Amino acid sequence: MPQTPLMRIAQARSGDKGEGSNVGLIARSEAAYVFLKDFLTAERVQQHFAQINPGGVVRFEADNMRVLNFLLDNSLGGGGSASLITDAQGKTHGLGLLRMVVDVPADVLDATPEGSFQ
Amino acid sequence: MQGKQTVRVANGQGFWGDSILGAIRLTEEGPLDYLTLDYLAEVTMSIMQKLRMRDPKKGYATDFVTLIDRILPRMLEKNIKVVANAGGVNPHACKDAIMEVLAKHGASGVKVAVVEGDDILDGLDGLMSGGEEFKNMDTGEGLTSVRDKVTSANVYLGAFPIAEALDDGAQIVITGRGTDPGLVLGPLIHEFGWKVDDLDKLAAGTVAGHILECGAQCTGGNFTDWQRIPDLAMIGYPVIEASPDGSFVVTKHDGTGGAVDRSTVLHQLAYEMGDPNNYITPDVIADFTSFDLVQEGENRVKIAGVKGSPATPTYKVSMSYADGWKSVGQLTICGPDALAKAQLCADIVWKRLEFDGFSYSDEERLMEFVGAGVCHAGLLEEGAAEPSEVVLRLGVKGPDKKKVGRFGSELVPLVTSGPPGVTGFAGGRPKPSEIVGYWPALLTKSKIDPSVSVFTS
C-alpha cells in the first residue's frame with residue numbers, strides 16, 4: 001500500500017479547548033472517511049502527538065460531516081494565558097495531524113483524486 | 001415585524017483584534033439585516049475589569065465605538081441592526097459612548113439596548129454562601145482555593161435577552177458576556193417568533209451561530225487547501241440567509257474574495273466543536289451529527305434538519321484569576337550553525353541566571369528554537385535541512401514577579417557576549433506580565449436574572 005501524508009485524503013482545522021486542543025479532521029471523500037474511521041484511532045493520534053501532548057486523546061465521530069474530532073488533553077503547555085509556547089492555542093495541530101504518513105489502500109486513493117473534496 | 005421569509009445575518013468580528021474592514025464592508029457590499037460582532041475572549045474580561053477599576057468609564061470594547069462611527073450612516077440608510085458583545089464588563093459605559101457617536105452624527109430616535117446580568121463578580125460570595133460551589137469544570141477543584149484572586153466572573157447568557165431587546169425596537173444591542181452563537185440566534189428568535197421549546201429551530205440557529213462566530217474562518221480563511229481560495233486579501237465575511245423553519249444558507253456577498261463551499265463550512269463546523277452530539281448552550285443542546293449540508297449554488301451551502309434537545313439547568317460561568325507572572329523574549333540567531341549557536345545561547349542564559357541565584361525548573365521555563373521544528377515537534381521527517389536562521393524564544397513563569405523579571409535582563413547581553421550572528425533584539429528587555437488563570441464553572445440558572453434596558457438617542 002502506498003505511503004502518503006494524511007493531507008492527501010483529509011483536511012483539518014484545530015484550536016484551543018481549555019488546556020488542550022480540538023483537532024477536527026475532515027475526510028476528502030466517503031471512501032477516505034470509511035478508511036479513516038477504522039484506521040485513525042485515538043491511540044494512533046495520541047502516539048503521533050506524543051511530544052506535543054503528554055495527555056490523552058478522545059475521539060468523536062460525525063458521519064454526516066465526515067468528521068473525526070480529536071480532543072488532545074494537554075497540548076498547549078498549560079493553556080490560555082499561562083502557556084509560554086508559541087502555539088498556545090493549538091492552531092497548528094490540524095496541520096500537524098495532516099503530516100502523519102499513512103499506508104492508504106490504493107482504492108481509497110483512486111476514489112479521492114489529489115486535491116479534491118467530494 | 002414578523003412574517004419575513006428570509007433574514008440575513010452576518011458576523012463582522014470573529015474575535016478581539018479582528019480587522020475592522022470585515023464589518024465595514026458587510027454594510028456596504030451587499031444586502032444585510034443584522035450585523036453581529038464578537039469582541040470577547042476569556043482573557044478579555046479580566047483585562048476589561050482592570051481597565052474599569054482604573055477608570056469607571058472603561059471596561060468595554062472601544063473598537064466597537066470606532067466601528068459604529070464609521071458605519072452609522074450606512075447602517076441607518078439600510079436599516080441594518082447591530083448586535084455586539086462589546087459591553088464587556090461595563091455595557092452602560094459602552095452605551096454612553098455609542099450615544100455620543102449618535103449625537104455627533106445627528107441621529108436622533110435610534111434605540112440602543114443594553115443586556116446585562118452576566119457579571120457576577122460582586123455577587124460571588126453571596127452565591128457561594130447560597131450553595132454554589134463553582135467547581136472547576138476541568139479539574140473538579142472548589143473555588144475557595146483561588147477565591148481571593150478572582151478578577152472577573154461572568155455567566156454566558158443565552159439568546160433570548162437579545163431577542164427581547166430587538167422586540168423592544170433596538171437598532172443596536174450591546175451585551176456583556178453571552179454565548180457567541182447567541183449573537184446570531186437572538187435575531188432569528190426575534191424575527192421568526194421562535195419559542196423556548198422550538199428546540200430544533202433553536203439548535204439550527206445555534207449551528208448557524210457556530211459557523212459565523214469566527215468570521216472569515218468559514219469563507220476560506222485558515223483553510224487546508226489555501227492555494228485554491230481566491231483573493232484572501234478581500235475575503236468576504238459570512239452571511240446566512242435564514243428561514244422560519246430553521247434551515248439556512250451560508251453565503252457571502254457577491255464580488256468578495258474567499259469561498260463558501262461544503263469544505264470551507266465543514267472546517268468551521270469542526271472548529272472547537274467538542275462532542276458533536278452535545279453542543280451545549282444555555283438555550284438548547286444542538287446535535288451536530290443531525291443535519292445535511294448541501295452545495296446549493298456557487299458560494300452557497302444549505303444546512304437543514306438540525307435537531308436539538310432541552311438545555312441543561314445550569315449556565316456556564318467563565319472566571320479569571322491572578323495566577324502569577326510570565327516573561328518571554330526572543331533573539332534571532334543567524335547561521336552558519338544557527339541551531340547549535342541558539343542552543344549554546346540558551347545554555348548561557350540559564351547559567352548566568354543560576355550564577356546570580358536564579359534557577360528555574362523545567363516546568364517554569366521555556367526554550368524554543370523557532371525554525372527548527374517547534375509547532376510540529378516530533379512530527380517532522382528526520383534529517384531536515386539546517387535552517388539558515390533560528391529564532392530563540394526563551395521564557396519563564398512563576399508566582400514571584402522579581403524572579404520572573406530578573407530573567408529578562410540576561411537575553412540581550414548575548415549580542416556581545418555570545419556566539420556571532422545574534423541579532424533581532426529591537427524589542428529590548430522582556431518585561432513580566434500577569435498570567436490570567438481561567439476557571440470554568442457552572443451556576444444554577446434560577447440564580448441569574450438577565451435584564452434588558454432600552455435608551456433612545
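Two residues count as in contact here if their C-beta atoms, placed from the backbone, lie within 7 Å. The model is predicted: local features need pLDDT of at least 70, side-chain atom pairs count only at pLDDT 80 or more, and totals for chains, interfaces and linings use all residues. Residues are numbered from 1 along each chain as its sequence is written, with chains lettered from A and ligands numbered from 1 in the order in which they are written.

**View 1. What covers helix H3 of chain B.** Helices (H or I, at least four residues) and strands (E, at least two) are DSSP runs, numbered from the N terminus. The buried residues of H3(B) are Phe64(B), Leu67(B), Ile68(B), Ile71(B), Leu72(B) and Met75(B); buried means that 20 or more other C-beta atoms, placed from the backbone, lie within 10 Å of a residue's own. Their cover in chain B includes helices H1 (21–28) and H4 (91–104), plus strands S2 (34–37) and S3 (81–84).

**View 2. The bend in H3(B) and what comes just after.** Look for a kink of about 60 degrees at Ile71(B), shortly before the proline Pro73(B); the bend is the angle between axes fitted to the seven residues ending there and the seven starting there. Just after the helix, Asn79(B) takes a positive phi of about 55 degrees.

**View 3. Chain A, end to end.** Four helices and six strands make up its list of elements, in the order β-β-β-α-α-β-β-α-β-α from the N terminus. Along its principal axes, the C-alpha trace of chain A spans about 45 × 25 × 25 Å. Of its 118 residues, 51% count as buried.

Methods
Buried ≥ 20, exposed ≤ 12 C-beta atoms within 10 Å, placed from the backbone.
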